[in-house]
Amino acid sequence: MERRIKLKPDEVQHFVTVTSKCDFEIDIAYNRYIVDAKSFLGVYGLDFSKILSVRYDGYNTELEELLQSHAIAC
């Protein structure tokens, strides 16, 4: 599954905390840059002025709520 979101630098810690609870792989990317969404430094190093793509293959209620709260219109 792929979701498109916008994040702010002050939201990274909460994002990583939620993704770290998931027992499946989650990547976050823009353009050619792909990082592990469970890595604080990896996520924090992204360009927050860009729309980010979150890719994952699993389900977690807390993750879905988080992604919904940061979702952008496609």
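Student: What share of the contacts in the chain with a separation of 6 or more comes from residues 24 or more positions apart?

Tutor: Such residues account for 64% of those contacts, where contact means heavy atoms within 4.5 Å. Please note that this is a predicted model, in which local features need pLDDT of at least 70 and side-chain atom pairs count only at pLDDT 80 or more, while totals for chains, interfaces and linings use all residues. Residues are numbered from 1 along each chain as its sequence is written, and side-chain values use heavy atoms, with hydrogens and water left out.

Student: Which pattern does the chain follow along the sequence?

Tutor: The pattern is β-α-β-β-α-β-α, with three helices and four strands. Helices (H or I, at least four residues) and strands (E, at least two) are DSSP runs, numbered from the N terminus.

Student: Why does the radius of gyration of the chain agree with that of a compact globule?

Tutor: The globule rule is 2.2 Å times the number of residues to the power 0.38, with the radius taken over C-alpha atoms. For 74 residues a compact globule would have a radius near 11 Å, and the chain has 11 Å, so the two agree. Along the principal axes, the C-alpha atoms fill a box of roughly 25 × 25 × 25 Å.

Student: What makes F40 and Y44 a stacked pair?

Tutor: A pair of aromatic rings is described by the distance of the centres and the angle of the planes. Rings of Phe, Tyr and Trp (its six-membered ring) pair if their centres lie within 6.5 Å; planes under 30 degrees apart count as stacked, over 60 as edge-to-face and the rest as tilted. The structure holds four aromatic pairs. In F40 and Y44 the centres are 5.5 Å apart and the planes are at 15°, so this pair is stacked. Both residues lie in helix α2 (residues 40–44), four residues apart, about one turn of the helix. F40, Y44 and F48 form one aromatic cluster.

Student: Why is F40 called partly exposed?

Tutor: Buried means under 20% relative accessible area, exposed over 50%, and partly exposed in between (1.4 Å probe, protein chains only). F40 has 34%, and is therefore partly exposed. Y44, with 41%, is likewise partly exposed. Of the 74 residues of the chain, 38% count as buried.

Student: Where is P9 found, and with which residues is P9 in contact, leaving aside its neighbours within four places in sequence?

Tutor: P9 is in the loop between β1 (2–5) and α1 (12–20), and its contacts of that kind are with Y44 and F48. P9 has 41% relative accessibility, so P9 counts as partly exposed.

Student: Why is N31 called exposed?

Tutor: The relative accessible area of N31 is 68%, and N31 is therefore exposed. N31 is found in the loop between β2 (26–30) and β3 (33–36). N31 has a positive phi of about 50° although it is not a glycine.
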